[in-house]
Each structure stands twice: as C-alpha cells, then as structure tokens.
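Dear colleague,

I am handing over a structure that you have not worked with before. Please have it open while you read the notes below.

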Amino acid sequence: MSQLTHINSAGEAHMVDVSAKQETVREARAEALVTMQHSTLQMILAGQHHKGDVFATARIAGIQAAKRTWELIPLCHPLMLSKVEVSLSALPESGQVRIESLCRLTGKTGVEMEALTAASVAALTIYDMCKAVQKDILIDGIRLLSKQGGKSGDFRVDAND
C-alpha cells in the first residue's frame with residue numbers, strides 16, 4: 001500500500017515538494033449528480049428560473065472553483081491550468097443533472113482536486129440557485145472518473161460503476 005503523500009516522517013501534514021518532478025501533460029475528469037424534483041428540473045430547462053440561466057451560472061462557478069482550488073483545499077499547489085471544462089447534462093427521466101468536469105495542464109502535479117472541486121462547486125451552485133424552490137435537492141456521486149499523467153500512472157473508473 002502506498003504511503004500518504006501529505007504526511008511527513010514525523011506524522012505532520014505538509015505540502016509535497018514537487019520541484020524535482022518532471023513536467024508532463026496531466027488531465028483529470030470528475031463528476032457530480034444533482035437530484036431534484038421533476039418540476040424543478042423542468043423549470044430550469046424551460047428557462048423559467050427567476051435567477052436566470054442555472055446551467056450557465058453553475059458552469060462558470062465550476063471553472064472559477066477549479067482555478068482557485070489551491071485557496072480552498074489545504075496543501076494543494078497553485079496550478080497554471082491550461083483547460084477547464086464543465087459540462088452539465090439534464091437527465092429528465094431521473095430528475096437529475098450530471099456534471100462532468102475536465103482539467104488539464106502541463107506541470108509537475110496532478111489536477112484531480114481541481115476537477116473534483118469544479119464538479120462540486122457547480123453542483124453547489126445549482127443548489128444555491130434552486131433552494132428557494134426546493135430545499136431537499138440531493139448532491140451525490142462526486143467522484144474522480146479518470147486521470148492521466150504523472151508518476152502514479154493513469155486511472156479510469158470502471159464503466160460499470
């Protein structure tokens with residue numbers, strides 16, 4: 001089993017020194033699911049929400065969050081992201097919105113936390129915009145879908161998961 005990288009030999013939390021690492025292209029994808037009443041989703045899709053375009057606002061919030069992950073998550077490095085993409089897909093049959101984020105850079109450390117933060121904040125933004133209409137919206141399924149690059153190699157969630 002691998003050791004925790006953010007714990008030093010004295011058992012203390014620390015920021016990992018990446019100065020000796022090679023720069024490589026790194027990419028990560030993450031997702032989140034937001035479940036709501038069919039009527040709430042229908043209002044969003046019909047563009048009838050009184051706060052405006054919920055999906056556009058959530059997309060921008062996710063992009064901003066990815067760029068500021070290092071300010072939100074202790075021990076994360078500030079990164080020069082070359083691409084952040086947040087896509088939202090309505091799943092009307094289940095009353096869900098699926099959010100998928102993609103983060104990419106050429107650098108010395110991975111972008112998994114940025115992708116996860118983008119998906120999470122986009123989901124939270126949907127909740128924030130819709131809470132006046134429905135308070136019991138469920139946010140779940142936040143997970144890393146894939147990552148490429150770096151010393152630990154590639155990772156992809158099993159398609160059946």
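The notes below take the cysteines, a helix, the strand pairing and a pocket in turn.

This is a predicted model, in which local features need pLDDT of at least 70 and side-chain atom pairs count only at pLDDT 80 or more, whereas totals for chains, interfaces and linings use all residues. Residues are numbered from 1 along each chain as its sequence is written, and side-chain values use heavy atoms, with hydrogens and water left out.

On the cysteines, a disulfide is taken as a pair of cysteine sulfur atoms within 2.5 Å, and by this rule the count is zero. Cys76 is in no disulfide, the nearest cysteine sulfur being that of Cys103, 11 Å away; Cys103 is likewise in no disulfide, with the sulfur of Cys76 as its nearest at 11 Å. Cys76 is buried, with a relative accessible area of 14%, and Cys103 is buried as well, with a value of 0%. Here buried means under 20% relative accessible area, exposed over 50% and partly exposed in between, using a 1.4 Å probe and protein chains only.

Helices (H or I, at least four residues) and strands (E, at least two) are DSSP runs, numbered from the N terminus. In helix H1, residues 38–45, the buried residues are Thr40, Leu41, Met43 and Ile44. Seen down the axis of H1, these fall within an arc of 155°, so they line one face of the helix; the arc is that of the directions from the helix axis to the C-beta atoms. What covers them includes helix H2 (54–67), strand E2 (83–91), strand E3 (96–107) and helix H4 (112–130), where contact means heavy atoms within 4.5 Å. Just after H1, Gly47 takes a positive phi of about 70°.

Two strands pair if DSSP finds at least two bridges between them. Strand E1 (residues 24–35) runs antiparallel to E3, joined to it by twelve bridges, and Glu31 stands opposite Glu100 in E3. E1 also pairs with strand E4 (residues 138–148) in the antiparallel sense, over eight bridges, and there Thr35 has Leu138 as its bridge partner.

Lastly, a pocket is an open set of points on a 1 Å grid over the protein atoms alone, where a 1.4 Å probe fits, with protein on both sides within 12 Å along at least five of seven lines; lining residues have an atom within 4 Å of a point. The largest pocket holds about 720 Å³ of space, a volume being the space filled by probe spheres set on the points, which are joined across faces, edges and corners. Its lining has 28 residues, of which Thr5, Lys21, Thr109, Gly110 and Glu112 lie nearest its centre.

With best wishes
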